[in-house]
Amino acid sequence: MSLDTLFATAAHVGAQLKARGETVAVAESAAGGLISAALLAVPGASAFYIAGAVVYTPRARHRLLGLRREDVRGFMSATEPFALLMAETIRKQHSVTWGIGETGAAGPNGNPYGHAAGHDVLAVSGPVQAARTIATGSSDRQANMVAFAMAALELLGEQLA
């Protein structure tokens, strides 16, 4: 999968959001900002893209999303409930139509929660909620980051269709 394919998918999703008059904010982790970068590469992105945060650590989760330890008690990172919490939090925080949440393990190693490299969870929160867990089976960090961003955009695109 290439960055060109990622940017083409983002252009399609961006066109759907513009046509519907809807907005999006992104809270991503293992994708490292690629979801936001792909959306922002779309000309006229300011019509639909409101905000994004790379939430890579518990400290960032608190500072960027306002989620405290008690807010995430009972949640495990890189799970569908946690990705949905991220998506819903960023959606509400920025008063947008859609929130995207993404969390996982890009590699080359797994994460401290026992997930292997290539494990990722994506979620969207808006008029409908959806979450998906994917596993690339790869430890290639850069390829996984692109795959995670692509899967997140595809998940949002499916909800917009």
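Reply: In sorting residues by class, Ala, Val, Leu, Ile, Met, Phe, Trp, Tyr, Cys and Pro count as nonpolar, Asp, Glu, Lys and Arg as charged, and the others, Gly among them, as polar. On that basis the lining of the largest pocket divides into 10 nonpolar, 9 polar and 2 charged residues. The model is a predicted one.

The largest pocket holds about 350 Å³ of space. It is lined by 21 residues, and those closest to its centre are S29, Y56, S77, G104 and Y113. Three elements, α3 (58–65), α5 (80–94) and β3 (98–104), each give at least two residues to the lining.

Two of these elements also pack against each other. The axes of α3 and α5 lie 11 Å apart, at an angle of about 30°. Angles under 35 degrees count as roughly parallel, and α3 and α5 are therefore roughly parallel to each other. On the α3 side the contact is made by R61, L64 and L65, and on the α5 side by F82, M86, T89, I90 and Q93. By class, this contact of α3 with α5 has 5 nonpolar residues, 2 polar and 1 charged.

In the loop between α4 (69–72) and α5 sits A78. The phi of A78 is near 60°, a positive value in a residue other than glycine. The loop between β3 and β4 (119–125) contains P108. A cis peptide bond joins P108 to G107, with omega at about 10°.

Helix α1 (residues 3–20) and helix α6 (residues 141–160) have axes that come within 10 Å and cross at roughly 25°. That angle makes α1 roughly parallel to α6. The crossing of α1 and α6 is left-handed. From α1, the contact takes in L3, T5, L6, T9, A10, V13, Q16, L17 and R20. From α6, the residues in contact are V146, A149, M150, L153, E154, L156, G157, Q159 and L160. The contact of α1 with α6 comprises 11 nonpolar, 5 polar and 2 charged residues.

To return to the pocket: α3 and α5 both supply residues to its lining, and α3 and α5 are also in contact through residues that include L64 and M86.

How values were computed
Residues are numbered from 1 along each chain as its sequence is written. This is a predicted model: local features need pLDDT of at least 70, side-chain atom pairs count only at pLDDT 80 or more; totals for chains, interfaces and linings use all residues. Side-chain values use heavy atoms; hydrogens and water are left out. On a 1 Å grid over the protein atoms alone, a cavity is a set of points where a 1.4 Å probe fits but cannot get out, and a pocket is an open set with protein on both sides within 12 Å along at least five of seven lines; lining residues have an atom within 4 Å of a point. Grid points are joined across faces, edges and corners, and a volume is the space filled by probe spheres set on the points. Helices (H or I, at least four residues) and strands (E, at least two) are DSSP runs, numbered from the N terminus. Axes are lines fitted to C-alpha atoms, for helices over the stretch in contact, and angles run from 0 to 180 degrees between N-to-C directions. Angles under 35 degrees count as roughly parallel, over 145 as roughly antiparallel, 65 to 115 as roughly perpendicular and the rest as oblique. A crossing is left-handed if the near helix is turned anticlockwise from the far one by less than a right angle, and right-handed if clockwise. Contact means heavy atoms within 4.5 Å.
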